[in-house]
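Visitor: Hi! Could you walk me through this one?
Guide: Happy to; here it is.

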2 protein chains.
Amino acid sequence: MAGKIEALIFDVFGTLVDWRTGVADRLKKEFANKDIEADSLAFADAWRGEYQPSMEPIRSGERAYVPLDILHLENLKIVLARFGIADQFTDDELRGLSHAWENLPAWPDTSVGLKRLKRHFLIAPCSNGSIALMSRLARFASLPWDAILGADIAKTYKPAAEVYLKSAAALGLEPRQVVMVAAHNDDLRAAAECGLATAFIPRPLEYGRQNSSDAEPARDWDFVARDVEDLAERLAARA
Amino acid sequence: MAGKIEALIFDVFGTLVDWRTGVADRLKKEFANKDIEADSLAFADAWRGEYQPSMEPIRSGERAYVPLDILHLENLKIVLARFGIADQFTDDELRGLSHAWENLPAWPDTSVGLKRLKRHFLIAPCSNGSIALMSRLARFASLPWDAILGADIAKTYKPAAEVYLKSAAALGLEPRQVVMVAAHNDDLRAAAECGLATAFIPRPLEYGRQNSSDAEPARDWDFVARDVEDLAERLAARA
């Protein structure tokens, strides 16, 4: 286990906010405005489905780093074409729609839990979202960050080791002084390999009713908590 | 003048916090503990005097970027030697003392003014201080930032153009959508050359009773305000 913990860094999409509901709600409105008949939840899932493949060329060094906002816009165009509705939107509308990821509802425990954790620890996102995206999402979802870390700091995407290592270094901390918090086992596996402490929070509703490989902690992570509030209580007991 | 303003980014040392009093108070305590007779204000001024020269090799590309925390520690050692008291501190004590810059009192209007500005705009430091330093200073001085920008984002030091340009870009904004706020005319001059809007706030007490080249705005900056609260009122009138 880690020594003295100084900071917690968080996965955001899925772990702290409900991207699927947030994105689908926005799409539903846009589709209704344009009399488009399309399943907004299926569209949200398809959009998110392009997320990992679009980051891969950047992780491998084949493509120079661009912030996630650019990938979201590119992926939106791919999925609109697949749904046969690419010609229904102007460029300005597409850019506006790609900002759906800035306005996502937090899970009910997130904001209260983060505020509690902030009393004792530095807290920051370690997300693949850019500083532009994360700072606006923080306002929308009341996430009281001390700083915005993650992909934009490292100029590559998780689970590349640099993202975890540079996020800890940006706070002037050793990896073992930092806990990575996520609802995704792969994210924690990569953080643990970099020497960070780990905390797992299950989010069974991230993909709606679908089963997920992340229903349970895949390992005996340093902390396993019900939600962010529960994590705050467990850590306060040690502080 | 700028079009629609979306964000304000701030110089911090001098503009938002009183580094001289904060650093001198900390030094005074350390000197008293060790029965060292030295003028803590003169020491604070000498320490700050090494600030610009120590960044110069990094701006010119002669030295790779290191965060300001490292320069503060190096400069502390230089000034301790000059005062003839270098042998009075252990390495751990030196590192602790170099963190004096994380605990500086805000000017009385700073925190209230930033909270008002945050209602309408994104706000972030654009300081030469690192994310590690700025995030801890924000907690100490109640600076409610949306993100931490500045030198650590650009990997060089103001007034290099990249610091202003990369800070605006990190928010996903054009330079003209961002106001640089500072008590130092040189900082605003560099920001204006990058296309940012500018706001001047006088801080006549930054160097105690000494006169400064920054007693008055050197140009007709986009905004000239008495303090941060006054700036918030002027901008709210336009919002």
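Guide: One term to begin with: buried area is the accessible area (1.4 Å probe) that two parts lose on being put together, summed over both. This is a predicted model, where local features need pLDDT of at least 70, side-chain atom pairs count only at pLDDT 80 or more, and totals for chains, interfaces and linings use all residues. Residues are numbered from 1 along each chain as its sequence is written, chains are lettered from A and ligands numbered from 1 in the order in which they are written, and side-chain values use heavy atoms, with hydrogens and water left out.

Visitor: How much area do chain B and chain A bury between them?
Guide: About 1,500 Å², with 53% of it on carbon and sulfur atoms. On the chain B side, B:Ile131, B:Arg136 and B:Arg139 supply 35% of the area buried against chain A, more than any other three residues.

Visitor: How many salt bridges cross the interface of chain B and chain A?
Guide: Two, taking a salt bridge as a side-chain nitrogen of Lys or Arg within 4 Å of a carboxyl oxygen of Asp or Glu. One pairs B:Asp146 with A:Arg139 (2.7 Å, N to O).

Visitor: Changing topic, what is the strand order in the sheet of chain B?
Guide: The order is 3-2-1-4-5-6, in an open sheet with parallel pairing. Strands are DSSP runs (E, at least two residues), numbered from the N terminus, and two of them pair if DSSP finds at least two bridges between them.

Visitor: Which strands stand at the edges?
Guide: Strand 3 (149-150) and strand 6 (223-224) of chain B; each has a single partner strand, so one side of each lacks a neighbour in the sheet.

Methods: Helix = DSSP H or I, 4+ residues; strand = E, 2+ residues; numbered from the N terminus.
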